[in-house]
Amino acid sequence: MNTKKTTFNNRLLPYLLLAPQLFITLVFFIWPAGQAVKSSFEREDPFGLSTVFVGLLHYQRLFEDPNYLSALSRTAVFAVSVTALSMILGLAFAAAVDRLMRSGKIYTTLLVWPYAVAPVVAGVLWWFLFNSTTGLMPFFLEKIGIHWDHDLNGTQAMILIIIAAAWKQVSYNFLFFLAGLQSVPQSLMEAAAIDGSGPVKRFFTISLPLLSPTTFFLFIINVNYTMFDTFPIVDATTVGGPAQATTTLVYKVYQDGYLGLNLGSSSAQSVLLMMIVMVLTFVQFRYVERRVQY
Amino acid sequence: MVENRPFLTFLTHAFLILGFLVVALPVYVAIIASTHDIATLMSGPVPLLPGSHFLENYRQILTSASAANGLPNYSHMALNSLIMAVAIVIGKISISILSAFAIVYFRFPFRQLAFWIIFVTLMLPVEVRIMPTYKIVADLGMLNSWAGLTVPLIASATATFLFRQFFMTIPDEMLEAARVDGAGPMKFFRDILLPLSRTNIAALSVILFIYGWVQYLWPLLVTTDPGYYTLMMAMKRMVTVQDGVIEWQLVMAASVLAMLPPILIVIFMQRLFIRGLTETEK
């Protein structure tokens, strides 16, 4: 980690400057994380009077629990669908805006604002749109022979939260893809055009390969987003149901811990989630931020 | 554009306009629904044209609101959301600019360790450590308080990295000149670093304001006193009706009002917003 060549010589001051952030980090991040690890190895009696060390019992139970395993695969389906949907749409919008240099600014404004919509509001809006009594979508779906009821049909409930989560994330991917496309050297495009390749071919043979670092970065960020930031969408619309069809891993931690008060299991789940974030963060920094030296 | 292809340009425009219409659809429907009465909404799919209950619905939300759900009125909750968002902006920026200053401009034992402790916060989203964090906040007696709502959310590794990256680009001569002139560290910070960081601070504020405004899980856990309810919590309470019908026209009016401030910020401060977004996430 590098510093300035010239620095201030002061013994106490740097610690004072760091104190507020370190204090908050230790008290509200490191300590609770440590507590989660600790209680994932313990079992508390029903009255909270004594705790027993139970080793890996909670972890073992989790991996034998069909509910947890299905939450795991469901979360994977959810994360991959949202990431794919919002990245493909974001890229398509970015490629279109990039083509129209003059009017691009207006379209950027028209497309970026969903970023600012709270996940819970996004959830409620799409829920309303798909609501079986009042919604617009079931009305149209009925005409083409699809009966929509996400209160009973788990797959439809999953589709609902995928749409709501992807809708909110498109603008984010769009901005990053647009920035990536605009940094593609114009001379490459001109050379390819002189060689006779059309816009579509240029996009797939020049722009897309050059976008691969952006794509990888966005992939990690999007997976992280779907896993952790979509809690409000699930909580406000499907509440994990019907029959757990939309219970993602994060939602299960909340259900088992905060609502079910099953501390040991919830802590073990938290620890597993922390490991997932660690891997994602590590991959992001290792492969995406290689040029940055900390 | 390398060559002129009018038809492709036309298609591109058509695609973007269609895309915008699809993206805007749920918001359009929400605005329309907020102008109808509940009878119209319950009698079939939402009409596509505005109704005549616009003033009535918004007045109800802004003044009496949903007393039935035990919620205070919208303006009170909007004020709470605003206080929470602003406190998070100020808190995050001030602690992270100070720690970035310490890490870049001083050499001291445990500097590396301090940096890694801050770095670790990236890996501990609140969703992951909810139970123990909730317990600590409860033990500290911070439930139902502004401190409990905001302080646990204000540590930010990304903001610290952003300021650190920016400070690294400031030429060393600045510091040397300041030292020749006899300026101490805090004077250098106040008179040179802070003014130079103005755009970064502004860009970061836009992003952090949105981050604070849309917080959901944390306020839900920490507050049980309606006096501290934020708009985001209200959204859920308004749609969780035990018996009777959801008052969709009010829910949609509340959604529109809850969306408005951050969307306006994004639209009117687009340059700062994009800058803040691209810089903090990297």
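## A buried threonine

T121(B) is buried, because its relative accessible area is 9% and the cut-off for buried is under 20%. Keep in mind as you read on that this is a predicted model.

Where does T121(B) sit along its chain? T121(B) lies in a loop of chain B, with helix 5 (111–120) on one side and helix 6 (130–139) on the other. Leaving aside residues up to four places away in sequence, T121(B) touches T25(A) and F29(A) from chain A, along with A157(B) from chain B.

## The interface between the chains

On the chain B side, 117 residues are in contact with chain A, and on the chain A side 106 residues are in contact with chain B. Together the chains bury about 10,300 Å², and 76% of that area is on carbon and sulfur atoms.

## Salt bridge and polar contacts

How many salt bridges does the rule find across the interface of chain B and chain A? There is one. It pairs D235(A) with K236(B), and their closest N and O atoms are 3.1 Å apart. As for polar contacts, 14 residue pairs are counted between chain B and chain A, with both residues at pLDDT 80 or more.

## What chain B brings

Which element gives the most to the side of chain B that touches chain A? That is helix 1 (residues 6–33) of chain B, with 17 residues. Sorted by class, this side of chain B has 87 nonpolar residues, 17 polar ones and 13 charged ones.

Terms used:
Residues numbered from 1 in each chain as written. Chains lettered and ligands numbered in written order. Predicted model: local features only at pLDDT ≥ 70, side-chain atom pairs only at ≥ 80, totals over all residues. Heavy atoms only, no water. Helix = DSSP H or I, 4+ residues; strand = E, 2+ residues; numbered from the N terminus. Buried < 20%, exposed > 50% of the residue type's maximum accessible area, 1.4 Å probe, protein only. Contact = heavy atoms within 4.5 Å. Buried area = accessible area lost by both parts, 1.4 Å probe. Salt bridge = Lys/Arg side-chain N within 4 Å of Asp/Glu carboxyl O. Polar contact = N/O pair within 3.5 Å; in protein donor to acceptor, adjacent residues only side chain to side chain. Nonpolar A, V, L, I, M, F, W, Y, C, P; charged D, E, K, R; others polar.
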